Amino acid sequence: MFLSRELLLPWRRPNQGAQALAGRLLRSSSSLSDNDDDPPFTRIPKRLPRAPSPPPKPKAVAGKIRPDEPAHSDLPFDFRCSYSETNPAWRPIGFREPTRFSPFGPGRLDRPWDGIAAARGGVGDGEGEGGERSREEVLGEPLSEEEVAELVERYRHSDCSRQINLGKGGVTHNMLEDIHNHWKRAEAVRIKCLGVPTLDMDNICFHLEDKTGGKIIYRNINIIILYRGRNYDPKRRPAIPLMLWKPLAPIYPKLVQNVAEGLTFEETKELRNRGLNSPPLTKLTRNGVYVNVVDKVREAFKTVEVVRLDCSHVGTSDCKKIGVKLRDLVPCIPILFKDEQIILWRGKVYQEHSSSDQFTSKPQ
């Protein structure tokens with residue numbers, strides 16, 4: 001049996017698959033056309049015109065860096081970053097940042113910044129522009145012993161919510177604002193002092209009373225309670241512009257000289273070696289309480305010539321600050337800072353005073 005050529009050749013066969021597919025599509029379209037609830041294709045709705053976008057909101061005026069008018073304050077002292085840890089008599093030999101950059105911000109204060117302080121423009125007493133009163137008028141009548149005892153019992157405990165921690169920066173400028181904020185709702189504020197400033201607590205107390213106008217009614221080691229006064233009015237508090245950042249410390253002359261004053265190089269070297277090999281007078285901790293250190297050094301200088309202080313883990317910066325304070329308070333001469341060890345020499349002047357005292361104390 002012979003097959004035809006069309007059956008043998010596949011490309012000659014009729015396209016049966018295409019015909020079957022076309023038939024199925026025609027049947028499905030006829031069945032879908034009868035049912036209007038299920039259309040063959042999804043109807044695309046006409047696009048509505050887009051609503052106009054709202055206008056951009058204006059930027060907040062409070063976020064402006066440069067205000068329209070600079071702030072003014074009638075406080076009768078120069079603004080400094082720290083009042084208790086700086087001395088106006090110290091003159092720097094250089095600055096680590098340009099003096100034209102004020103830490104109060106550009107154009108935010110009407111006092112010029114010279115790299116150390118913002119000096120007040122004029123001297124004025126009595127009531128200022130904001131109706132500021134004198135310190136005696138705000139304090140009013142002195143507190144009685146019963147009133148003082150009641151305030152002390154309320155604020156002296158460690159769980160007091162009206163507390164400010166005073167660290168190595170001492171009495172800073174922005175701390176004054178914190179104290180007045182506490183005085184809005186409390187008669188007194190508890191201040192806990194730690195670190196280098198505790199070497200001279202009298203200096204801290206003086207600046208707290210002088211800069212805030214309050215009165216210290218309690219002082220125990222490193223705890224201070226500062227009273228605001230009988231006639232204190234939060235609405236008439238002084239205007240205190242805040243510092244936006246902490247300015248870099250200026251560059252001061254070298255603290256330790258290669259050769260101590262009044263000695264030769266060999267004598268200075270011998271004193272340094274003797275101090276490093278001597279037992280430490282005391283060991284200071286980081287952010288500790290150094291209230292008794294000055295008295296200990298003074299007492300030790302009555303018997304020895306060189307004293308060593310162990311300041312392990314205190315930090316190089318704090319070691320130098322401790323040396324500067326001891327130099328002025330004892331007084332003495334720092335001759336070496338090495339490996340967080342402070343070597344202090346009592347100096348020839350101290351030697352002469354001690355010998356003269358011994359001579360006068362001898363019985364005739």
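Let's start with what covers helix α5. The cover over its buried residues includes β1 (79-80), β3 (163-166), β4 (188-193), α6 and β6 (223-227). This is a predicted model, so keep that in mind throughout.

Which residues of α5 are buried? They are H173, M175, L176, E177, I179, H180, H182 and W183. That is 8 of the 11 residues, so α5 is largely enclosed by the rest of the structure.

Now take one of those covering elements, α6. Helix α5 spans residues 173-183, and helix α6 spans residues 201-212. They pack at an angle of about 70 degrees, and their axes are 11 Å apart. That makes α5 roughly perpendicular to α6. The crossing is right-handed.

Who makes the contact? From α5, we have L176, I179, H180 and W183. From α6, we have L208, K211 and T212. Sort the contact by class and you get 4 nonpolar, 2 polar and 1 charged residues. Look back at the α5 side for a moment. L176, I179, H180 and W183 are each buried.

Let's step back to the whole chain. The protein has 10 helices and 10 strands. There are 364 residues, and buried ones make up 35%. Next, contacts between residues at least 6 apart in sequence. Of these, 76% join residues at least 24 apart. The accessible surface comes to about 24,100 Å². Carbon and sulfur atoms account for 53% of that surface.

Last topic: backbone geometry. Most residues other than glycine have a negative phi, and most peptide bonds are trans.

V330 and P331 are joined in cis, with omega about -10 degrees. Where is P331? Find the loop between α9 (316-329) and β9 (333-338).

Spot two is H313. Its phi is positive, near 65 degrees, and the residue is not a glycine. H313 lies in the loop between β8 (306-310) and α9. Is H313 buried or exposed? Exposed, with a relative accessible area of 65%.

E340 sits in the loop between β9 and β10 (341-345). At 28% relative accessibility, E340 counts as partly exposed.

How values were computed: Residues are numbered from 1 along each chain as its sequence is written. This is a predicted model: local features need pLDDT of at least 70, side-chain atom pairs count only at pLDDT 80 or more; totals for chains, interfaces and linings use all residues. Side-chain values use heavy atoms; hydrogens and water are left out. Helices (H or I, at least four residues) and strands (E, at least two) are DSSP runs, numbered from the N terminus. Buried means under 20% relative accessible area, exposed over 50%, partly exposed in between (1.4 Å probe, protein chains only). Contact means heavy atoms within 4.5 Å. Accessible areas come from the Shrake-Rupley method with a 1.4 Å probe; for residues, only the protein chains shown count as cover. Axes are lines fitted to C-alpha atoms, for helices over the stretch in contact, and angles run from 0 to 180 degrees between N-to-C directions. Angles under 35 degrees count as roughly parallel, over 145 as roughly antiparallel, 65 to 115 as roughly perpendicular and the rest as oblique. A crossing is left-handed if the near helix is turned anticlockwise from the far one by less than a right angle, and right-handed if clockwise. Ala, Val, Leu, Ile, Met, Phe, Trp, Tyr, Cys and Pro count as nonpolar, Asp, Glu, Lys and Arg as charged, and the others, Gly among them, as polar.
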